[in-house]
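This report describes selected local features of one protein model. Please consult the sequence and structure shown below while reading.

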Amino acid sequence: MKEFDQFKKGNDNEKDKKKNQFTILKDDSTDGHGGYGVGAVTLENMSPVIVDPNEEKAYVDMGAMHARSAVEKRIKFLTDKSEVPNGLLYWITWVTIERGEQGPYYYGVASSEILVDREIRRGYKLLPEHVNHMDKSLKGKFVVEHMDDKSKAVLKKFLQEHSEEMWKNSSDELKQGLSV
């Protein structure tokens with residue numbers, strides 16, 4: 001476990017401020033000790049999958065957890081789609097895996113749209129949407145209905161090929177959501 005303090009000690013005014021900390025937890029915080037970190041969220045079971053309908057492929061890119069995927073690098077993101085008229089469509093899909101009685105399965109899947117125009121080094125992305133979709137994936141929700149059919153097919157194929165067992169054990173809601 002690592003802690004990062006936002007405020008450094010030294011200034012008297014800062015002593016009165018509440019200390020803000022960001023805690024990264026590697027292991028399950030609910031392992032029975034009942035101490036610090038109980039109830040904290042762990043991202044160990046989540047992976048970002050980049051869906052590229054242009055190349056008809058999907059792949060895991062852990063850099064997306066910090067907005068540093070290969071697709072996002074060296075791009076300035078804007079919140080207005082009209083400023084990226086020639087942008088190529090990509091989806092960052094937040095996939096959460098859990099283990100049930102039948103074995104591992106896709107617990108939550110939520111896709112967030114991004115547009116990237118490499119020529120002008122600009123892109124479109126709504127960060128709040130990405131955060132909300134990560135949260136929904138962690139909570140076992142499926143948010144794929146807004147994806148185009150081609151992208152759904154690419155994601156479905158990736159999930160099936162990644163693990164046939166996990167796909168088989170997944171809910172019908174996911175399977176219907178990705179059916180084209």
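## Basis of the description

Helices (H or I, at least four residues) and strands (E, at least two) are DSSP runs, numbered from the N terminus. The model is predicted: local features need pLDDT of at least 70, side-chain atom pairs count only at pLDDT 80 or more, and totals for chains, interfaces and linings use all residues. Residues are numbered from 1 along each chain as its sequence is written, and side-chain values use heavy atoms, with hydrogens and water left out.

## Serine 151

Serine 151 lies in helix α3 (residues 149-162). This serine 151 is buried (under 20% relative accessible area, with exposed over 50% and partly exposed in between; 1.4 Å probe, protein chains only), at a relative accessible area of 0%. Beyond residues up to four places away in sequence, serine 151 touches Val51, Pro53, Leu89 and Trp91, where contact means heavy atoms within 4.5 Å.

Strands β3 (residues 46-52) and β4 (residues 57-60) pair in the antiparallel sense over four bridges; pairing requires at least two DSSP bridges between two strands. Aspartate 52 has lysine 57 in β4 as its bridge partner. Four residues separate the strands of this hairpin, and glutamate 56 takes a positive phi near 55 degrees.

## Nonpolar cores

A nonpolar core is a set of buried Ala, Val, Leu, Ile, Met, Phe, Trp, Tyr and Cys residues joined through side-chain atoms within 4.5 Å. In the largest, which has 18 residues, Tyr106, Val109, Leu155 and Leu159 touch the most other members. At least two residues each come from β3, β6 (88-100), β7 (103-117), α3 and α4 (164-169), and α3 gives the most, with four.

A second, separate core of 12 residues includes Ile50, Val71, Val116 and Met134.
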